[in-house]
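Me: I'd like to learn how to read helix packing and aromatic rings in a model. Can you walk me through them?
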Amino acid sequence: MLISSVIVKIISAFYKIPLTAYIGAEGRGYFSVAYNLCLPIHAITMGALPIALTKLVSTANAKNDMKSVYAFKSAAKKLFLIAGAVGTLIMLLIAKPYTSLIATSSGSALTCLALAPSLFFSCACAVYRAYAEGFLDMKLTALSQLVEALSKLIFGLVLARMSMRFLYFFYLENGTVLGIIADSEEKALAMIYPITSAFAMFGATAGSVIAYLIAVIYNRINYPDNKVSKADTKTAYSELLNFSVSVIGATAVQSIANFIDTSTVQYALSKCNAAALSELYSYSGDDVHTYVFGIFATALDFKNLIPSIVMALGVAAVPALSTAFEGAQEGFSKLFESIIKYSVILSSLGSVALMFFGDSILLILFGKYNPDIAENGGRLLYLFGLTNLPFSVSSAVVYCTQALGFARQTIPCFAVSAALRAVLNISLIRIDSFNVSGAVISSFVGYSVILVWCLLIITKRTNARLSITRAFLLPISSAAVTYFALDYIKMRNISFENIYINMAFYGLLCLIFFLLSLLLTKSLSFKEIKVNK
């Protein structure tokens with residue numbers, strides 16, 4: 001499952017890059033608005049039930065209580081279908097008001113409607129995934145994830161390209177888009193982008209349908225149904241719901257916090273002066289607010305790669321940290337400090353990469369078809385790199401906090417962080433010269449609160465010792481030295497005409513400088529890296 005998760009992230013990257021080339025930054029804005037609406041609904045409907053089903057099925061399996069296993073499956077099927085139907089209905093009902101009043105991007109409504117059915121099929125598929133995981137069978141989850149990602153890639157890109165070509169060529173021949181006269185090419189594209197974004201989103205819905213069908217077939221082959229009495233099913237309902245309640249609280253708070261964050265970004269951006277934004281971003285279309293949000297979402301894709309890698313370190317450290325917590329205090333403190341330190345090292349290296357190579361990365365990927373994204377996104381990537389560390393390191397620290405059994409204590413910090421981000425988003429983004437850069441600042445402040453708060457929870461409740469110098473200051477200093485060394489060499493006009501060779505040259509220098517700095521400051525210790533044979 002770990003391997004499939006990595007492959008899925010790679011597929012997702014390959015999907016979004018050509019998709020953005022087809023539908024442009026404006027179309028990408030419509031796409032992102034739909035996902036921002038879908039994700040919190042998906043998290044709340046799916047955040048608790050799969051965990052509950054897997055836990056209860058695995059417990060019943062350990063007791064060889066197959067009667068309860070079958071009852072849980074029977075009850076879960078109905079509960080998951082209800083959750084999926086409710087989630088889909090909610091998204092269908094609020095799509096129009098959300099896109100018009102909060103996101104102020106009415107063109108996104110079609111994309112939201114195209115994505116809504118995926119909620120139902122994702123929930124329907126999740127029951128089979130969770131049930132198989134209860135038997136310690138991860139193959140179904142891995143397989144369905146891969147198939148869903150590949151289907152989204154194939155169907156999404158094909159539908160986006162076909163719809164774009166059809167509508168654009170029809171405009172060239174007739175001067176209209178779906179029967180509506182377009183006075184200019186910019187007007188035509190502004191009318192086409194919402195439609196092509198919706199067609200691209202059908203790829204995600206198609207992927208969820210195919211994943212569901214695979215899950216059904218896999219389940220019938222490996223886990224055929226057995227008859228269950230109504231009394232047993234009723235008992236299973238109660239156990240599933242009781243177990244889920246304890247998880248729903250934390251999931252809901254995190255989901256609502258993220259929803260508030262993205263919604264306030266969109267709302268505050270809509271209050272910026274359209275003419276000022278159009279001049280600042282050299283935009284000549286009709287929906288500059290969605291266009292700017294599309295630039296922001298594209299830059300965010302690259303920024304989010306770093307915390308996803310750091311989070312993997314946190315997930316991998318969970319069993320070791322939990323075991324060490326039961327042992328000697330000194331051993332636990334050393335392990336905890338090492339986890340934090342290496343999270344900071346990975347985050348710092350990612351920050352240098354975003355700050356120094358951001359422009360080149362965007363130019364390589366978007367320079368040919370969407371040079372405006374390369375031009376306008378570089379500054380955002382630099383800012384993301386400069387403020388990335390709290391966001392990335394907090395992802396690993398939150399996992400550590402939960403692994404030690406302190407999940408409930410994290411709820412207040414998520415709430416405070418969400419409130420701070422909302423206030424800062426509304427205050428800063430509305431300033432025309434700041435616009436979406438204000439979201440970068442609010443994210444830095446909000447996730448700094450989460451990071452510090454979770455570190456305090458762990459250190460106070462476990463009495464762990466953490467050296468700020470070793471864990472934070474020395475790795476960050478190494479990253480700073482690396483960045484300024486690269487910048488000094490660049491200022492001396494030492495470069496190659498070929499952008500790929502130039503990136504490879506500076507990438508190698510970056511790794512050499514960073515590793516040498518880590519070794520000189522003794523931040524990197526080979527004694528801490530152990531291989532179990």
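This is a predicted model: local features need pLDDT of at least 70, side-chain atom pairs count only at pLDDT 80 or more; totals for chains, interfaces and linings use all residues.

Me: How many aromatic pairs does a search of the whole structure find?

Reply: The search turns up 22 aromatic pairs. Take F120 and F121: their ring centres are 5.4 Å apart and their planes sit at 85 degrees, so this pair is edge-to-face, since the cut-off for that is over 60. F120 is partly exposed, at 28% relative accessibility, and F121 is partly exposed too, with a relative accessible area of 22%.

Me: Which parts of the chain does the pair of Y131 and Y223 link?

Reply: Distant ones: Y131 belongs to helix α5 (residues 117-133), while Y223 is in the loop between α7 and α8, and the two are 92 residues apart. Their ring centres lie 5.7 Å apart with planes at 90 degrees, so they're edge-to-face. Both Y131 and Y223 are buried.

Me: Okay, now helices. What describes two packed helices?

Reply: You use the angle between their axes and the distance between the axes. Here, α10 (residues 288-303) and α13 (residues 371-386) pack at about 55 degrees, with axes 9 Å apart. That makes α10 and α13 oblique to each other, and α10 passes α13 in a right-handed crossing.

Me: Which residues in α10 and α13 meet?

Reply: On the α10 side they include Y291, I295, F296 and K303, and on the α13 side D372, L380 and F384 are among them. The residues of this contact split into 10 nonpolar, three polar and two charged.

Methods: Residues are numbered from 1 along each chain as its sequence is written. Side-chain values use heavy atoms; hydrogens and water are left out. Axes are lines fitted to C-alpha atoms, for helices over the stretch in contact, and angles run from 0 to 180 degrees between N-to-C directions. Helices (H or I, at least four residues) and strands (E, at least two) are DSSP runs, numbered from the N terminus. Angles under 35 degrees count as roughly parallel, over 145 as roughly antiparallel, 65 to 115 as roughly perpendicular and the rest as oblique. A crossing is left-handed if the near helix is turned anticlockwise from the far one by less than a right angle, and right-handed if clockwise. Contact means heavy atoms within 4.5 Å. Ala, Val, Leu, Ile, Met, Phe, Trp, Tyr, Cys and Pro count as nonpolar, Asp, Glu, Lys and Arg as charged, and the others, Gly among them, as polar. Rings of Phe, Tyr and Trp (its six-membered ring) pair if their centres lie within 6.5 Å; planes under 30 degrees apart count as stacked, over 60 as edge-to-face and the rest as tilted. Buried means under 20% relative accessible area, exposed over 50%, partly exposed in between (1.4 Å probe, protein chains only).
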